[in-house]
Amino acid sequence: MTLPAPTSEALAFSAALSDHLVREIDAGGGWIGFDRFMDLALYAPAKGYYSGGAHKFGAAGDFVTAPELSPVFAQTLAAQVRQILALSAPQIIEVGAGSGQLAADLLRELELRGGLPESYAILELSGELQARQRQVIAAQVPHLLSRVSWLERLPERFAGLVLANEVLDAMPVHLVVWNETGVAERGVAVTHGQFAWVDRPASGRLRERALALAAECAMPPGYLSEVSLAAGAWVAEWAARLGCGALLLIDYGFPRREYYHPQRSAGTLMCHYRHHAHGEPFYLPGLQDITAHVDFTAIVESACSAGLDLLGYGTQSSFLLDCGLAAVLARTPSSDARRYLPLASAANKLVSPAEMGELFKVMALGKGIAEPLLGFASGDRSRTL
């Protein structure tokens, strides 16, 4: 695959991060786990992909998320958000708000539905992204900007809704190879001035998790995949802080039996650069996103062990349809083709099995909420986990 050529400024940015990664590998005795490489490539202060200044979202960036695709995503999601706020507290924390488009669209729609939160906080570590989010919200819903604040760490206590759209997939993962003789962790070294894969015996919690997965899923020898300890730990951390409320997690991934399917023997690791998807995480560090699909079974296991309840799980397609996507589309007359056709096209991408509808899942986890959530009215699919 031929990827778009970066500018000289972008190359210099990537070179600075690469030097930082080399020093980290040297400090680690010549090797670091891939989880550490991914963490630095994405989040190293002022150097990583998400902490640098590159444009990441939308047509000018590296990928398009559902909120950038169309406002119908937030307009439909608002029905579930409003219900959760009514059942808990009128407060929202959005984690990793990207461009700020989801926040702007969601606030506008909640105002229309008479369900505005008293506060809308955005948990965002990147100062550059904070500035962009503020700019988008101020431009699109200036009268609601006073309700919005920015956080740099998890609150000690919180009641209300925690919203995370495409957050778990960007959390660092370990790479594991299951062999006939045991399990190895695939990490990164430097060979002849280039990043290179080097395997070492897995140890500690990672080895325990990998052996348990092997017993459950029966990986064939040489099977390579990801294990995310970070995502489960992050969800469990919310369990200690959340009072009455819910986490609403929207991301691409599978239940465990599909994630570690014998035919998925090379894992799910994927990189995104200028709207090109590829599998080379060493390519221009800092200029591309690095992601892995979510093992939703691991997420619910961590959440429930920490004290959260599973409130619902299903595909994005069933969730949006249950939340009233058809009614949202019906607001625009189909006779007004100029306005209606782009909305209908976007809606199709959001729910089509060939697009985002089946690969993306929605999971709700919470405390103190007994009423069924409307986004999962088609049936609690927790049995599929």
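The lining of the largest cavity divides into 12 nonpolar, 3 polar and 5 charged residues. Here Ala, Val, Leu, Ile, Met, Phe, Trp, Tyr, Cys and Pro count as nonpolar, Asp, Glu, Lys and Arg as charged, and the others, Gly among them, as polar. This is a predicted model, where local features need pLDDT of at least 70 and side-chain atom pairs count only at pLDDT 80 or more, while totals for chains, interfaces and linings use all residues. Residues are numbered from 1 along each chain as its sequence is written, and side-chain values use heavy atoms, with hydrogens and water left out.

What is a cavity, and what is a pocket? On a 1 Å grid over the protein atoms alone, a cavity is a set of points where a 1.4 Å probe fits but cannot get out, and a pocket is an open set with protein on both sides within 12 Å along at least five of seven lines; lining residues have an atom within 4 Å of a point. Points are joined across faces, edges and corners, and a volume is the space filled by probe spheres set on them.

| Space | Volume |
|---|---|
| Largest pocket | about 1,100 Å³ |
| Largest cavity | about 160 Å³ |

Of the 20 residues lining the largest cavity, Val 227, Ser 228, His 293, Asp 295 and Ala 298 are the closest to its centre. A search of the whole structure finds 1 cavity of 30 Å³ or more.

Now to the largest pocket. Among its 45 lining residues, Tyr 50, Glu 166, Val 167, Asp 169 and Ala 170 are the closest to its centre. By class, this lining has 24 nonpolar, 11 polar and 10 charged residues.
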